[in-house]
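Please read it alongside the sequence and the model.

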Amino acid sequence: MLLRLLLQYSRPYKAWIIAVVVLQLVATIAALYLPSLNAQIIDRGVAQGDTNFIWNTGALMLAVCLVQVVAAIGGVYFGAKTAMAVGRDLRRGVFSQVGEFSAQEMGTFGAPTLITRGTNDVQQVQMLLLMTLNFMVSTPIMCIGGIIMALREDAGLSWLVWVSVPVLIAVVGLLVVRLMPLFRSMQEKIDNINGVLREQIIGIRVVRAFVRERFETERFGDANQAITQVSLKVGALFVLMFPLIGMILHVATAAVLWFGGHRVDAGNIEVGSLTAFLQYLLQILAAVMMGTFMVMMIPRAVVCAERIGEVLDVEPGMHDAERERELPETRGVVEFRDVSFGYPGAEKPVLSGLSFTAEPGQTTAIIGSTGSGKTTLLNLIPRLYDTSAGEVLIDGVPVREHSRAQLSERVSIVPQRPFLFSGTVASNLRFGKAEASDDEVWHALTVAQGADFVRAKEEGLETPISQGGTNVSGGQRQRLCIARALVVKPAVYLFDDSFSALDVATDARLRAALKPETRGATVIIVAQRVSTITDADQIIVMDDGAIVGRGTHEELLESNETYREIVHSQLSVEEVA
């Protein structure tokens, strides 16, 4: 999966990768050439007192150093540019894929892990690519070239290379095998702590209201302690790794000086060649160590790539229409034809055999006990879910055959939980219609009974809104969400218990202002309070996912026992009469 992602997302940047390879190749060859020049200065220039040779070879060394530095800087630059571009594209790919998810796929993964996979996991893959581009050329060439150059200087000391390099590789390999499961566990713990933290931040008011700060602190502490324990285990392996690598380097250096000194004393090797051999050995071990750093990142990057691949490989349950078809004139007729819906893995469907029609110019109210499927029914109309059986049609065309753009033009929903995005009042109200004028925005606010509190703000329409709308009250948030739907001026309005946070007087004014605004549109309201739907043209009573009653308020009072129970549980005998 890791290799597949890197190949797929680095393909557009072949030119940059070729530049990295060429520049790293030049820098590595230059680095390998320097110890040989240094040995010549010592053995020939210094030993024979040839000043001209020292100056000429020294100038050549400076030129080679300059080439090495420039090539190394260029290689790192293009490598970083490629890695950052791939990381950007990968994040965009994850974000785009999640944007295609239906509510079912979102529920399968959960927001915390999707956030982690689109940020931290992508960063780990990006860092591995950066290390790979920086060292993938230099490390093998430095290692192989260093061995060849060392053998040229003195083949008698070659056994030191064949001993130290395998020992170093064996030590690193054992540690990497231990790191792999720890990195997988670490990513899971990051998911967990993200989930706990996100939940606590969103629900901070509830936590304070019930004085649960201590409990939530302990819950966060447990998640924090879990990731700390895994991090300590990883850190312990890293702490062990670096002293072992350092010990191998120092032992190899001491061995070269000890055995090389004897060979110099015996006249088998010159001092300059011994110095060059030592430098080549250190270059070989340094290359192995650089490869080690890259290898240490591979286990975690592999885990992260698998998690990213799980998101990218999901086939979204809902697909947009391949092409926009020509639709009949927009009227807003919503029709359910024997619709059933069930969540994956559920024992029984949430909705069963629903059939009804909501006409333009009429208000259709949906009422029922908690868990009867009212919100799920409403979510089928803008195609937040796809039906398991049957069809939902708008103006005679199944919603599956509408493109998303066509649906958004015809249907506007005010969700049960009003949500505002960080920005301003204006940016939130223009969310569904970016080109809306200030007059249209103010008109929608006036109808939604929100103009007064917005005008009371010094910035007016530019009043800042925090993420989720947490800096405004629940009633203000609901009115802004209703105004956002009104700005679009759709043919179908869906209100999912969207007046629950309003006081009775504001509720009455808002409904009175809505009537002329939605006169020619289809209005479908999910309600909990009977008093707010008594004047609806059609009331649909739901129980356990099925329609058990349909008619006006008066008709249902006479003929439907379920509706009577709901009414009598909320209204007094006098109010019912």
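The points below are grouped by topic, after a short note on the model.

The model is predicted: local features need pLDDT of at least 70, side-chain atom pairs count only at pLDDT 80 or more, and totals for chains, interfaces and linings use all residues. Residues are numbered from 1 along each chain as its sequence is written, and side-chain values use heavy atoms, with hydrogens and water left out.

**Overall chain**

- The protein chain has 20 helices and 12 strands; helices (H or I, at least four residues) and strands (E, at least two) are DSSP runs numbered from the N terminus.
- The radius of gyration of the protein chain is 35 Å, whereas a compact globule of 577 residues would have one near 25 Å. This radius is taken over C-alpha atoms, and the globule rule is 2.2 Å times the number of residues to the power 0.38.
- Along its principal axes, the C-alpha trace spans about 120 × 50 × 45 Å.
- Of the 577 residues, 49% are buried (buried is under 20% relative accessible area, exposed over 50%, partly exposed in between, with a 1.4 Å probe and protein chains only).
- Among contacts (heavy atoms within 4.5 Å) with a separation of 6 or more, 77% are between residues 24 or more positions apart.
- The accessible surface of the chain is about 28300 Å², and carbon and sulfur atoms hold 59% of it. Accessible areas come from the Shrake-Rupley method with a 1.4 Å probe; for residues, only the protein chains shown count as cover.

**Salt bridges**

- Side chains of opposite charge can pair when their charged atoms come close.
- There are 18 salt bridges, each defined as a side-chain nitrogen of Lys or Arg within 4 Å of a carboxyl oxygen of Asp or Glu.
- Arg-92 pairs with Asp-89, with the closest N and O atoms 3.2 Å apart. The two are 3 residues apart in helix 3 (residues 51-100), so about one helical turn separates them.
- Arg-92 is partly exposed at 47% relative accessible area, while Asp-89 is buried at 12%.
- A network of salt bridges links Arg-88, Asp-89 and Arg-92.
- Glu-310 and Arg-117 form a salt bridge whose closest N and O atoms are 2.8 Å apart. Because Glu-310 is in helix 10 (residues 271-312) and Arg-117 in helix 5 (residues 111-135), this pair ties together parts that are 193 residues apart in sequence.
- Glu-310 is partly exposed, at 42%, and Arg-117 is buried, at 8%.
- Asp-386 and Arg-383 form a salt bridge with an N to O distance of 2.7 Å, and both residues are buried.

**Nonpolar surface patch**

- Leu-151, Trp-159, Trp-162, Val-163, Val-167, Trp-258 and Phe-259 make a nonpolar surface patch of about 700 Å². Patches consist of residues with over 30% relative accessible area and no salt bridge; like charges are joined within 9 Å, and nonpolar side chains (Val, Leu, Ile, Met, Phe, Trp, Tyr) within 5 Å.
- Helix 7 (158-202) and helix 9 (213-265) are the elements that give two or more residues to the patch; helix 7 gives the most, with 4 residues.
- Val-163 lies in helix 7 and is partly exposed, at 46% relative accessible area.

**Helix 14**

- Val-441, Ala-444, Leu-445 and Val-447 are buried in helix 14 (residues 438-447). Seen down the helix axis, the buried residues fall within an arc of 165°, so they line one face of helix 14; the arc is that of the directions from the helix axis to the C-beta atoms.
- The cover over these buried residues includes helix 13 (425-429), helix 15 (451-455), helix 16 (474-488) and helix 17 (504-517).
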